[in-house]
Amino acid sequence: MSSGSTLTEIVINGISRGAVYALIALGYTMVYGVLGMINFAHGEVFMIGMFACVYAMGVFSVAWGDHVALNLGLGIVVAMIFSAGYGYANERIAYRRLRKAHVLAPLTSAIGISTFLQYFIFLTVSKEKVNFPRYYSDWLTSHGIHFAGVQVTYLQLAILGLSLVIMGALYFLINHTRLGIALRATAQDQLMASLVGIPVDKIIAFTFILGSGLAAIAGVMVAMNNNVLVFDAGYRVGLKAFTAAILGGIGNIPGAVLGAMILGLTEAMTTWGFGSQWDDVTTFAMLMLVLLLRPRGLLGERVADKV
Amino acid sequence: MTSRWRAYLLGILGIAALTFPFLWLQLVPDFNRDTIGVAWAPLHGLQFFIDLSPVFAIAFLIWLGVQLNRRMGWSTALAANPTWQSAARRWTHYWAWGTMPIVLSCVFFFSASSLSLFTTVGIYMLLALGLNITVGMTGLLVLGYAGFYGFGAYFFALAQQNLPYFPWWMAAPLAFFLGGGAGYLLGLPCLRLRGDYLAIVTLGFAEAFRELMRNLSNDDTDSSTRSPFLQELAHIFDTGGDKGIILSDHSTFGRMAGLTGGQVSYVITALVLFLAVFLVQRLYHSPVGRAWMAIRENEVAAAAVGVPVVQMKLLAFSLSAAIAAVAGVLYGAKDGFVSPDICAFQQSIMVLAMVILGGLGNSYGALLGAALLYLVPEYLKLMPSIIGGNPVLSAIVPGFVRDSLQHLSDYRLLLFGGVMVLMMLYRPQGLLGSRRRKTEMLHK
């Protein structure tokens, strides 16, 4: 293999990883932007999306047979609904009452929810890895187009295309709609927003639902790409997406996408240079370096401590 | 009132709908065509609830106790009672002199397996005590505490690999200073970060450390590591990868002064624990402790009145890291085996749950939390054999309860997660927390 095609391979691999991280990182960053808290359970919402999709496809195939496109499409929709439901439930049960509490309280509660959900799936669904049904993902992962001597699978293209469309839609939603204005107002000052008639509770719940839905899409994509589902998948991927969000400047939506792309490319290069078992070390080393050298991230603004 | 009940009903229905597929359906993979189906599995979901039935029973009893207490006002009456007040104060002042002989004499009365269990509890108590310094006293959330624990354990294991006859009594003090140094170095740049960022950096540290220990392996033949530097490093420090390191008998707890290895490990752990409690309590009631408290309550105000915020935070951080490193050495010397699992995230969560359950900022609370969260599941696991041995109990207790008690240790982490959420919602100050701590936690 020539070095040119290796480079292309790294770049394509990195960008498609980055696109997945971006979808998850958006959830972290939106919640942080609005509430100023790290939603530690976001990775678990992503994992729930994976499993909900497989269950839904199972139900559909029992109900009306194996129609690949129909079942997969509906599966993604069901995964989004379930993830959104879990995201909303987390907010309603574990975070809403702690909104005015010390920083430690909601963070601890989020870690609790995250552990709870992981082991709920561990105990009820499977302690082992579950294989994603190949029948549905085969065509997407084994066919593709040739680009500069490298095969790009349809799945990678789909990940990239879907991410671009979603990010565009999100950008439009936040900057050009009434809902987006309400969201930004809530992020700035909850009290003032409520005084001008913005339903703050509903806006915050909406943020969680939106972020969780995006995480579900990422979950299905990752499940198809890696072919396995496991109860602690959300923890690792979630941590990486979180790193991406911090890298770009948490609370900043374009920053999350930029950070995710940088992270994806770095990981692809690490895999190429050192071997895939060093991925995680690089990610965490990068996370620490960014936090130490530029805690506000690449595109973040400096925030003063509130007294 | 009715709208409140309607909200509860809707909530329960919603949760039932969200958990429905995971509880009541089972995945049936079709391996021939690589597709998937589901099957209706009511027993599977029922089993989940049956296994949790002892937990529901305990939760109901706690709820009943809280309600009764609220109606009768027992705790307020007790707190207002002057004899009780002075007794409680005297107890917390002089407890060590009273309990030390009792704890140490246990070594002669318990079996080897119980002593091993108690030693493990002691190590967790040490960890909870150390974590409490940062999370509880100073208000810095550390999520990667197991990283320091693993640091101590691996320091010991790697040192005894390279220096034969390197004993535990030399490793423990060295680990204290090295662990403290590691905490200092990590804390130095981190502590200017805001609370939640600090949590993530420490988490990243623990994960990176764990991955490093997993991958620095010499005998990994199919290793795809291509960097010569890393390969060279693995030659010097061979961690054995996922398989871990088995320590030599010369380094671990052995026979000493007529006691067996297990008894020695119990006595040493107990002594270290007493020393640590004494040290931490002395510090907490000194100006240092006041400074920590001030930082926890309001960092900006503390800095304004002249508290050296950075130094005090660093002290708290490195002290807690040092205690964890010593706990790591004790663990290695007790079990004679160190693997990357000891710095897993679950360990950090477990210790954090202990601190939160016991009471943030209260050393005795941390000890209580560690004892409860470690011993209760262990003893519940032993319950079936106790029930089986007793004819009266085995006649009363139905069989499914016995089975569920046996399964309960699988549910440990699920329960830890639940405990953390419930404590934050209903009793943020923990079991032994003060009212003052509650106000602190509930307001920014």
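The model is predicted, so local features need pLDDT of at least 70 and side-chain atom pairs count only at pLDDT 80 or more, while totals for chains, interfaces and linings use all residues. Residues are numbered from 1 along each chain as its sequence is written, chains are lettered from A and ligands numbered from 1 in the order in which they are written, and side-chain values use heavy atoms, with hydrogens and water left out.

Start with the interface. Chain A puts 74 residues in contact with 71 residues of chain B (contact means heavy atoms within 4.5 Å). Together the two chains bury about 6500 Å². Carbon and sulfur atoms hold 71% of that area. Buried area is the accessible area (1.4 Å probe) that two parts lose on being put together, summed over both.

Next come the polar links. Eight residue pairs are in polar contact across the interface, both residues at pLDDT 80 or more. A polar contact is a pair of N or O atoms within 3.5 Å; within protein, one must be able to donate a hydrogen and the other to accept it, and residues adjacent in sequence count only if both atoms are side-chain atoms.

Helices here are DSSP runs (H or I, at least four residues), numbered from the N terminus. α4(A) gives the largest share, 15 residues. By class, this side has 50 nonpolar, 15 polar and nine charged residues. Ala, Val, Leu, Ile, Met, Phe, Trp, Tyr, Cys and Pro count as nonpolar, Asp, Glu, Lys and Arg as charged, and the others, Gly among them, as polar.

Now look inside chain A. The axes of α6 (residues 154–176) and α9 (residues 200–226) come within 10 Å and cross at roughly 170°. Axes are lines fitted to C-alpha atoms, for helices over the stretch in contact, and angles run from 0 to 180 degrees between N-to-C directions. α6(A) and α9(A) are therefore roughly antiparallel (angles over 145 degrees). Their contact includes A:Leu162 and A:Ile166 from α6(A), and A:Leu210 and A:Leu214 from α9(A). Its residues are twelve nonpolar, one polar and no charged.

Helix α7 (residues 178–188) of chain A also packs on α9(A), at about 100° with axes 10 Å apart. That makes the pair roughly perpendicular (65 to 115 degrees). Among the residues in this contact are A:Leu183 of α7(A) and A:Phe206 of α9(A).

Definitions and conventions
Helices (H or I, at least four residues) and strands (E, at least two) are DSSP runs, numbered from the N terminus. Angles under 35 degrees count as roughly parallel, over 145 as roughly antiparallel, 65 to 115 as roughly perpendicular and the rest as oblique.
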